[in-house]
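Please open the structure in your viewer and keep the sequence beside it.

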Amino acid sequence: MTTWKNLALAGCLGLVATNSFSYDIVDRAKLIDDKFKTQEMLRPYGHDFYLNINGAVTTDAMDLKDDADKIGDINSGSVTADLAEANRILEKYYDKEQVLRAKVDFGIPIFSFKAFDIDFKPNFRFGAGVLAVLTPKKEQSSISTIIDNLDEIPANIRTALKSCLNTIVTNNNPADNGKDLLVLCVGNGITQAQADQIKDTYNVDKIPYESSIATTTTTTPSVDIYAKVEAKAGLWFDYTKGEHFFGTFGLYGLGRLDIKKRADGVILLGGGGNIDTANNTLINAAIDYRFGYKNSNYSAFAAVEELKLAEISSEDEGTPSYGNSALIRLHGQADYKLSFFKLSPFAGTHMRSGYGIGDGFYLGADWGMHTWEERLALTFRTQVDTEHLTLGVAAKLWLLQLDLQGKFAVKDKVDDIKVSNYYSANFRLFF
């Protein structure tokens, strides 16, 4: 779990509240992840790799982590001044998505066979990946509203803590400014055990109190966070029937755990950081199925991926926010060859619960040079979708391939959040 906490960008991820406007970070994470899965799908069919490594990042993602770590060290003695400094640190990141994605897969070929006039190429695959989406922004909040949103502790503790806060405000003791609200409230509404429960649940050292932000709202920084770890292991069968029909069938176990939180500025000042996600895991039996037709230079297929068959296991206290919706694809392309030059225009779309079929539309072309029966190749990609222009280059040297891509925003905002540029790399070893 320590590895996962680090991947969840320690020090920045930590807390509370539901989204207060139309931007839904889980739906955005689904679309972003599926766009990257589409880039993986557009590479050669998956039966032919031993090792497949993918990574993608926005330019400021790691800088955001480092800067957010600094917030927990701010301690001027004034919460208002500390929040102003936190706003200054995060200013350049506000209202812009930051994305970090990494994925490693392994493939083991199994002997090919023919049955019912169908040629099968089975292989065993296993791998795992992580995705984190962070969206910093300013909001209006107070200590009172923060307490209301501590939804991972029982309601009676929140009520007692808020009652204590109101008593402190009524007494109006300036000496309380800068102190830990939890310490002030032990014996005055909550017990030490309840205070420890709050600290353990949210990984905070304290909830800093200041009368100026106790019940009245002020501008505070926050970071919406969605992070997901996913693993797959099972059998996939690539098949062809005659000259025209092709496809893939996969049967596998799909494990997933995730977090959806908001790190509020006051909690960040209190040292809020890592989150224990052990109660939010799910393992399903799932299938992939692709059915395609090709004729001359043209091919097209329809596919469904991650279709749940049955639940194998889950934790009693929660299931991932990502849900169990399947991914549906439609794709078509043409292949033209002239000597050592090859051009492959393509178009398609994908959809999943959380975004529509139009959101997944893409159009593009791969073009380049190849020789030695495509053991040596240099391929360029130009692609456009609803949010990005993708430019890429891939070099293949017999048993290995390196693919570099940049996705450059052609759309300014989605739900008032700026669309970021992504930079990705893929390394693959073939069999």
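Is Arg-88 buried or exposed? Arg-88 counts as exposed, because its relative accessibility is 53%; the term exposed means over 50% relative accessible area, buried means under 20%, and partly exposed lies in between (1.4 Å probe, protein chains only). This is a predicted model, in which local features need pLDDT of at least 70 and side-chain atom pairs count only at pLDDT 80 or more, while totals for chains, interfaces and linings use all residues. Residues are numbered from 1 along each chain as its sequence is written, and side-chain values use heavy atoms, with hydrogens and water left out.

Next, select Glu-85 together with Arg-88. These two residues form a salt bridge (a side-chain nitrogen of Lys or Arg within 4 Å of a carboxyl oxygen of Asp or Glu), and their closest N and O atoms are 2.7 Å apart. Both belong to helix α4 (residues 79–90), where 3 residues, about one turn of the helix, separate them. Helices (H or I, at least four residues) and strands (E, at least two) are DSSP runs, numbered from the N terminus. Glu-85 is partly exposed, at 28% relative accessibility.

Now select Lys-138 and Glu-91, a salt bridge whose closest N and O atoms are 3.2 Å apart. This pair links distant parts of the chain, 47 residues apart: Lys-138 is in strand β4 (residues 118–141), and Glu-91 is in the loop between α4 and β2 (98–109).

Finally, select Glu-230 and Arg-256, which form a salt bridge with closest N and O atoms 2.7 Å apart. Glu-230 lies in strand β5 (residues 218–241) and Arg-256 in strand β6 (residues 245–264), so the pair ties together parts 26 residues apart in sequence. Both Glu-230 and Arg-256 are buried.
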